[in-house]
Amino acid sequence: MSNDLIDAIANLEEDKAIAIVRKKIEDGETAFDIVEQCRKGVEIVGKRYSEGKYYLSDLIMSEAILKEVMTIIEPHFPKNGTESYNGIKVIMGTIEGDIHDLGKNIVTYLLRSSGYCVYDLGVDVPPEKFIETIKQTGAKIVGVCVLLNFCIGYVKELVDLLEETGLREKVTIVVGGYPVDEQVKEYTGVDYVTNDAVRGLEIFDQITALCGNGHD
Amino acid sequence: MRKQPEELYAERVKRFKDTIELKETDRVVVAPLFQFFPVFHAGYTVKDVMYDFSKAYNAAKETILEFDPDMCIGPLAYPGKALELLKYKLLKWPGHGVKDDKSYQFVEDEYMRSDDYDHFLDDPSDFMFRKYLPRVCGALEPLTMTTSAHDATWLGLFSYVAMFGQPGVINALEALTKAGQEFLAWYGSLGKFNMEMKELGYPNMVGGFAFAPFDVIGDTMRGTTGIMLDMYRQPDKLLKAIEKVTPWTIETAINSAKAAGNPVVMFALHKGADGFLSPEQYETFYWPSLKKVMLALIDEGLVPFIYSEGEYTTRLELLADVPKGKVIYHFERVDIYKAKEILGGIACLTGNVPNNLLYTGTPEDVKDYCRELIDVWGKGGGFILDAAAVIDEAKAENIKAMIDFTKEYGVYK
């Protein structure tokens, strides 16, 4: 795998990144591989930000590049009826009170490019909205993104609400985000926690292998 | 003998003026910028004072009389009825998205879109009237049904005026006149407040309000995301827009200071904080126009009161490039030693007492913090003691400690 796309994204070169993505698609690289390179580029941006080399403006630009690039790749995600489409339904959303969407978007892109059927509820999603979507779609996996510590309470609220509505046993909840750890898992009562997108994808694949249900 | 209010007023104005000019005075000025503290202290909610100017007025006045700082600040509660009439979208306020006892929340969006630059640069008033106002005020949405006034010549005038006869436009104009009356009453109340406080011996800390040109575009037009992306995607247009609004900012600042009869113009700085822009971006997009505005105001005999929000340590060297004794720099968070080292002898310093300390700390904690700040920033003059940000929630005993302690410890021997 060459580093040209990773570097273009890491260096915030929008036009270059777009041109490379178009070329890769032409050359037959899989959507998943391209998304994975984008993720690596964005990861470098995050690292440079935490080292004080990049600023908020750079983070915003990297996110905009990612969105642009994804509009080009999205038509090439595995489609229903093709071999690489597994159709497993996943509900994704950033929890109430929190409007961070980069992490959620990256995981959503990774999942879609791996053949999952993702219902993206966006950011600042109240627990009730998750419940409603579970009922509507019959999805068995829920991915919740949380970045702000004070929003972790809403994740617990979601779990409590699942218990109350009798849905808890039917769904697996994966929580992703910077502040989450085993303690958060215990406190909220969710099934999995991770602060790494790739590990997140592994968890989704693992759940699917274990349960193998919830798809079209 | 107890001093008369007029004597106290003159004394306070002189102390304030000398402090700005970096002359050593009898003591450090203490001037907390209150926002909703007086309201909560009086037992009111934010909603109460947004819908009843007299409550806002009395709360602000009572707080000044009770705590006796050197300077006062007018009631900073926006008129709720006017915002309602306009269906104003830039804020959430009590009854409109936030609880009755909570301060406003700013609603950011791209009210000016990325492809609006040409319209804005070509014909800004037309853009504001027919695109911007309808987007930020729900009640003014029908103004999109009007046509541009540059067609209003000869027979074109007939068809231009005809657009104002449409029922939707009539409603919009009605909302505009009613909201206008509300704002006039509100400004009247603020003017009356200044007069009464002057009679009671308290000068107002702030005359006019204006914004840094970059923030004019970034805060309420393009939004944070929009303006950040413009720096990469259309830097020339952004720079042209900043250049365009710079003389307007100067005009607004001068007019508002003149209307208030007070030379201090406050600029709340938002998007240039440390971490937001790279040093190169700050030097290219943010600082040159702000500096131009500051120098123009200084030329007019006015005092730029630069109220930085967020951390500002990495910008200090640039801020030092202004004439001596003409500017007030307010910091929320900054390395206080570096700030004194770089700006001491150039500009008056203020701010920095953490608002959470005023809310959760004890009077002793507050005194300890103020002592250090007076020792560092007060040395040799040019220092006004104030909280890091406008004061909402705070313990009354901490406000009292901050003011009384400064008067006692901040004396120049």
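This is a predicted model: local features need pLDDT of at least 70, side-chain atom pairs count only at pLDDT 80 or more; totals for chains, interfaces and linings use all residues.
M197(B) is buried, with 22 other C-beta atoms within 10 Å. M197(B) belongs to helix α9 of chain B, which covers residues 167-199. Leaving aside residues up to four places away in sequence, M197(B) touches K61(B), I64(B), C72(B), Y202(B) and N204(B).

Two packed helices are described by the angle between their axes and the distance between the axes. For helix α10 (residues 213-233) of chain B and helix α11 (residues 235-260) of chain B, the angle is about 170° and the axes are 11 Å apart. Because angles over 145 degrees count as roughly antiparallel, α10(B) is roughly antiparallel to α11(B). On the α10(B) side, the contact is formed by P213(B), F214(B), V216(B), I217(B), I227(B), D230(B) and M231(B), which meet P235(B), L238(B), A241(B), I242(B), V245(B), T246(B) and T249(B) of α11(B). By residue class, this contact comprises eleven nonpolar residues, two polar and one charged.

At 1.5 Å a residue, its 26 residues should span 38 Å, and the end C-alpha atoms are 36 Å apart, which agrees. Within α11(B) there is a kink of about 25° at V245(B), shortly before the proline P247(B). V245(B) is also one of the buried residues of this helix, a set that consists of L238(B), A241(B), I242(B), V245(B), T246(B), T249(B), I250(B), A253(B) and A257(B). Which elements cover these buried residues of α11(B)? The cover includes α10 of chain B, together with α6 (117-122), β5 (208-210), β6 (264-269) and α12 (279-299) of that chain.

K258(B) is also found in helix α11 of chain B. With 14 other C-beta atoms within 10 Å, K258(B) is partly exposed. K258(B) and L302(B) are 44 residues apart along the chain, and their C-alpha atoms are separated by 9.4 Å. Just after α11(B), G261(B) takes a positive phi of about 65°.

That backbone angle leads to two residues that are not glycines. Most residues other than glycine have a negative phi, and most peptide bonds are trans. W154(B) has a positive phi of about 45° although it is not a glycine. W154(B) lies in the loop between α7 (124-136) and α8 (155-162) of chain B. Is W154(B) buried or exposed? W154(B) has 7 other C-beta atoms within 10 Å and is therefore exposed. In chain A, L12(A) has a positive phi of about 60°, although it is not a glycine either. The loop that holds L12(A) runs between α1 (4-10) and α2 (14-26) of chain A. L12(A) is buried, since 20 other C-beta atoms lie within 10 Å, and 20 or more is the condition for that class.

The loop between α7 and α8 of chain B also holds T144(B). With 15 C-beta neighbours inside 10 Å, T144(B) counts as partly exposed. Not counting residues up to four places away in sequence, T144(B) touches R130(B) and P134(B). T144(B) and Y132(B) are twelve residues apart in sequence and, from C-alpha to C-alpha, 9.4 Å apart in space.

Chain A has its own helix pair. Helix α3 (residues 31-50) and helix α4 (residues 56-73) of chain A have axes that come within 10 Å and cross at roughly 175°. This crossing makes α3(A) roughly antiparallel to α4(A). A31(A), I34(A), V35(A), C38(A), V42(A), V45(A) and Y49(A) of α3(A) make the contact with D58(A), L59(A), S62(A), L66(A), V69(A) and I73(A) of α4(A). The residues of this contact divide into eleven nonpolar, one polar and one charged.

The last topic is the contact of the two chains. Chain B contributes ten residues and chain A seven residues. On the side of chain B that touches chain A, the largest share, five residues, comes from helix α10 of chain B. This side of chain B holds six nonpolar residues, four polar and no charged.

Methods:
Residues are numbered from 1 along each chain as its sequence is written. Chains are lettered from A and ligands numbered from 1 in the order in which they are written. Two residues are in contact if their C-beta atoms, placed from the backbone, lie within 7 Å. Helices (H or I, at least four residues) and strands (E, at least two) are DSSP runs, numbered from the N terminus. Ala, Val, Leu, Ile, Met, Phe, Trp, Tyr, Cys and Pro count as nonpolar, Asp, Glu, Lys and Arg as charged, and the others, Gly among them, as polar. Axes are lines fitted to C-alpha atoms, for helices over the stretch in contact, and angles run from 0 to 180 degrees between N-to-C directions. Angles under 35 degrees count as roughly parallel, over 145 as roughly antiparallel, 65 to 115 as roughly perpendicular and the rest as oblique. The expected span of a helix is 1.5 Å times one less than its number of residues. The bend at a residue is the angle between axes fitted to the seven residues ending there and the seven starting there. A residue is buried if 20 or more other C-beta atoms lie within 10 Å of its own, exposed if 12 or fewer, and partly exposed in between; C-beta atoms are placed from the backbone.
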